[in-house]
Amino acid sequence: MGEHTTTLTDASFDETINSASEPVIVDFWAEWCGPCKMIAPILDEIATEQAGKLTVAKLNIDDNPEAARRFDVMSIPTLIVFQDGQPKKKLIGAKGKGQLLEELSEFL
Amino acid sequence: MPEVRNVIIIGSGPAGLTAAIYTARANLAPLVIEGEPSSTSDQPGGQLMLTTEVENFPGFIDGIMGPELMGNFRAQAARFGAEFLTEKVTKVDFESRPFKIWSGWSADHDGEPTHLASSVIVSTGAQSLMLGIPGEERLVGYGLSTCATCDGFFFRDHEIAVVGGGDSAVEEALFLTKFASKVTIIHRRDELRASKIMQERALKHDKIDFRWNSRVVELHGDPKLDGITVEDVHTGERSRMDVTGLFVAIGHRPNTDLFKGILDMEDSGYLITVPGSTATNIPGVFACGDVQDHTYRQAITAAGSGCMAAIDAERWLEANHLEPADIAETPTNW
């Protein structure tokens, strides 16, 4: 995991999301999900390149099923962008870096 | 202008990565343009990235997980100097030499190509067919899935259905029994097309039911899937099934849109190669794997034809006096 990427748990979820001053992209992932592993390095790159403008936070759904249930995650990878504590955008499925950045452009 | 590569391989499933291993060992310093992440089979590593256990790839007595197998292929190619670019090819021009290739999200198709190559190996594979019925796009990720291994987890104790009758459909159904309370296989014929060993496992599984001679015609639910309408293909009779998950595995189509009007292909889209070789209608362009095979479509046959394409490309480059570039001069920032 990249140095600019943080880890979320069910316990830390609300506090992290609510206290963040910049948008937080939560990456709902699991060890057994191939496409999740494929986008992990891309998210690390985005976290590094956009440091200060947004935060990338990873949430392992095996260990933290509660947050996934709360936000109706039914497919992974799912990325949810939170701003001011509220979910603003949901991106389902793995995507390349160019497409991801375009979909995130409104938050950058 | 970019440097002219000896060989560029488009696609990174078993065919493309085997071609990469062989061309790398022939000192051709191949570049593999491997595709972009996606949640369908159209992605780096190909169709096996979405499977679980591969039991029929020779050399693995107890089987191996699909993504692990493809990770091994890739690492083996990298060990011999193959380079990888995680982008999608968006345009090719094979009319003049060297061949021109454009890749990446923001490639300018009117401007300079992003890559030049003396020879090209096409191994873009095939991607899953979707149902083509209303509501499908909206419900992907909300109960409709193209990846059982990614999404099965979310259907613990749910009643779900799998559409299709081939090996992929049966494999998905068996995998999904780990989570779901009941899995119904919906198939348009009255028998499965899957291999005998998979058929037997499904037919005797107590969580798996069958709806024969049937097809899915409607999806219900907003925002999440809560049911489907199934039609009997003989009588036309329709009925509703309450399922919260639907997994689609009804076959594949070759990824050849890029090559329309450029490479010879069958009406079905599969590339045509000279029998007994991987040569296409353009000398110096070779095709291997599922993109040119609608008969066998196995990882091992794809790998075998990838090896053929590498040897065909190497011999073609030699015959045309296109010298292999020195690996040490290959730029590393690609």
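Helix packing, sheets and contacts

Colleague: Does H2(A) pass H4(A) in a left-handed or a right-handed crossing?

Modeller: This is a predicted model, in which local features need pLDDT of at least 70, side-chain atom pairs count only at pLDDT 80 or more, and totals for chains, interfaces and linings use all residues. Residues are numbered from 1 along each chain as its sequence is written, while chains are lettered from A and ligands numbered from 1 in the order in which they are written. A crossing is left-handed if the near helix is turned anticlockwise from the far one by less than a right angle, and right-handed if clockwise. The crossing of H2(A) and H4(A) is right-handed.

Colleague: How many nonpolar residues are in the contact of H2(A) with H4(A)?

Modeller: Ile42(A), Glu45(A) and Ile46(A) of H2(A) meet Lys97(A), Leu100(A) and Leu101(A) of H4(A), where contact means C-beta atoms, placed from the backbone, within 7 Å. Ala, Val, Leu, Ile, Met, Phe, Trp, Tyr, Cys and Pro count as nonpolar, Asp, Glu, Lys and Arg as charged, and the others, Gly among them, as polar. Two residues of this contact are charged, none is polar, and the nonpolar residues number four.

Colleague: Which strands of the parallel sheet of chain B are left without a neighbour on one side?

Modeller: Five strands of chain B form an open sheet with parallel pairing, in the order E10-E17-E11-E12-E13. Those at the edges have a single partner strand, so one side of each lacks a neighbour: they are E10 (144-145) and E13 (208-211).

Colleague: Which residue in the turn between E14(B) and E15(B) has a positive phi?

Modeller: Strand E14 (residues 214-220) of chain B pairs with strand E15 (residues 227-232) of chain B in the antiparallel sense over six bridges. The two form a hairpin with six residues between them, and the residue in the turn with a positive phi, about 120°, is Gly221(B).

Colleague: How far apart are the C-alpha centres of the two domains of chain B?

Modeller: Domain bounds come from an automatic or database domain assignment, which gives domain 1 (4-128 + 252-329) and domain 2 (136-248) for chain B. Six residues of domain 1 touch seven residues of domain 2. The C-alpha centres of these domains of chain B are separated by 32 Å.

Colleague: Which helix gives the largest share of the side of chain B that touches chain A?

Modeller: The contact takes 18 residues from chain A and 24 residues from chain B. The largest share of the chain B side is three residues, and these come from H4(B).

How values were computed. Two residues are in contact if their C-beta atoms, placed from the backbone, lie within 7 Å. Helices (H or I, at least four residues) and strands (E, at least two) are DSSP runs, numbered from the N terminus. Two strands pair if DSSP finds at least two bridges between them.
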